[in-house]
Amino acid sequence: MGKTAKDLVAAANTVVPKISPERARELIAAGALVVDVREGPELEQTGRVAGALHVPRGMLEFRADPESPYYDDHFVRDRPVIVYCASGGRSALSGQALKELGYQQVYNLGAFGDWADSGGPVEKA
């Protein structure tokens, strides 16, 4: 029997530490890259973490890989990266993918709503 999506997310959560909005603020102040891996319509509805780079989950590996023609130079392997989504599952999987691509300091902020509810700055997409 194969694994479920729940199994994959649970495994990813063992590799990528979940952080609080407060810890995320500290990392952002120190220069961390914040990446929103939700789909475009989700951003349009809720906005995003102020200053976050939008990279849909399906494009993350291509944007983060310097060998890819789709590489985005915001991604630097020795720069801390914070990922988030709507509930924390896609961001956990994204964080695991970044780790596999050689990014060492990867953190899962989890749900966008947790950030917004904590008073974290939000901007319209």
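These notebook entries record what I looked up in one predicted model.

**Entry 1. Ground rules.** I number residues from 1 along each chain as its sequence is written, and I note that side-chain values use heavy atoms, with hydrogens and water left out. Because the model is predicted, local features need pLDDT of at least 70 and side-chain atom pairs count only at pLDDT 80 or more, while totals for chains, interfaces and linings use all residues.

**Entry 2. The annotated span.** I looked up the UniProt record, an unreviewed entry, which lists "domain: Rhodanese" for residues 28-124. UniProt positions follow the numbering used here, feature names are shortened, and annotations may be inferred rather than shown by experiment. I found the end C-alpha atoms of residues 28-124 to be 19 Å apart, with 33% of the span in helix and 22% in strand. Helices (H or I, at least four residues) and strands (E, at least two) are DSSP runs numbered from the N terminus.

**Entry 3. Asn108.** I located Asn108 in strand β5, residues 106-111. Its relative accessibility is 1%, so I record Asn108 as buried; buried means under 20% relative accessible area, exposed over 50%, and partly exposed in between, with a 1.4 Å probe and protein chains only. I then looked up its polar contacts (pairs of N or O atoms within 3.5 Å; within protein, one must be able to donate a hydrogen and the other to accept it, and residues adjacent in sequence count only if both atoms are side-chain atoms). The side chain of Asn108 makes one of 2.6 Å with the side chain of Ser91, and it also reaches the backbone nitrogen of Gly110 at 2.6 Å. Leaving aside neighbours within four places in sequence, I listed the residues in contact with Asn108 (heavy atoms within 4.5 Å); among them are Asn13, Pro17, Ile19, Val83 and Ala92.

**Entry 4. Ser91.** A polar atom of the Ser91 side chain lies 3.1 Å from the backbone oxygen of Gly88. Beyond four places in sequence, Ser91 is in contact with Val37, Val83, Tyr84, Cys85, Asn108 and Gly110.

**Entry 5. Helices α1 and α5.** Two packed helices are described by the angle between their axes and the distance between the axes. I found that the axes of α1 (residues 5-15) and α5 (residues 89-100) come within 8 Å and cross at roughly 55°. Axes are lines fitted to C-alpha atoms, for helices over the stretch in contact, and angles run from 0 to 180 degrees between N-to-C directions. The two helices, α1 and α5, are therefore oblique to each other; angles under 35 degrees count as roughly parallel, over 145 as roughly antiparallel, 65 to 115 as roughly perpendicular and the rest as oblique. Where they meet, α1 contributes Leu8, Val9, Ala12, Asn13 and Val15, and α5 contributes Gly89, Ala92, Leu93, Gln96 and Lys99.

**Entry 6. Three further residues.** I placed Phe62 in helix α4, residues 60-64, and noted it as partly exposed at 41% relative accessibility. Phe62 touches Ser68, Tyr70 and Tyr71, not counting residues up to four places away in sequence. I found Glu26 in helix α2, residues 21-29, partly exposed with a relative accessible area of 48%. Glu67 sits in the loop between α4 and β4 (81-85), and at 72% relative accessibility Glu67 counts as exposed.
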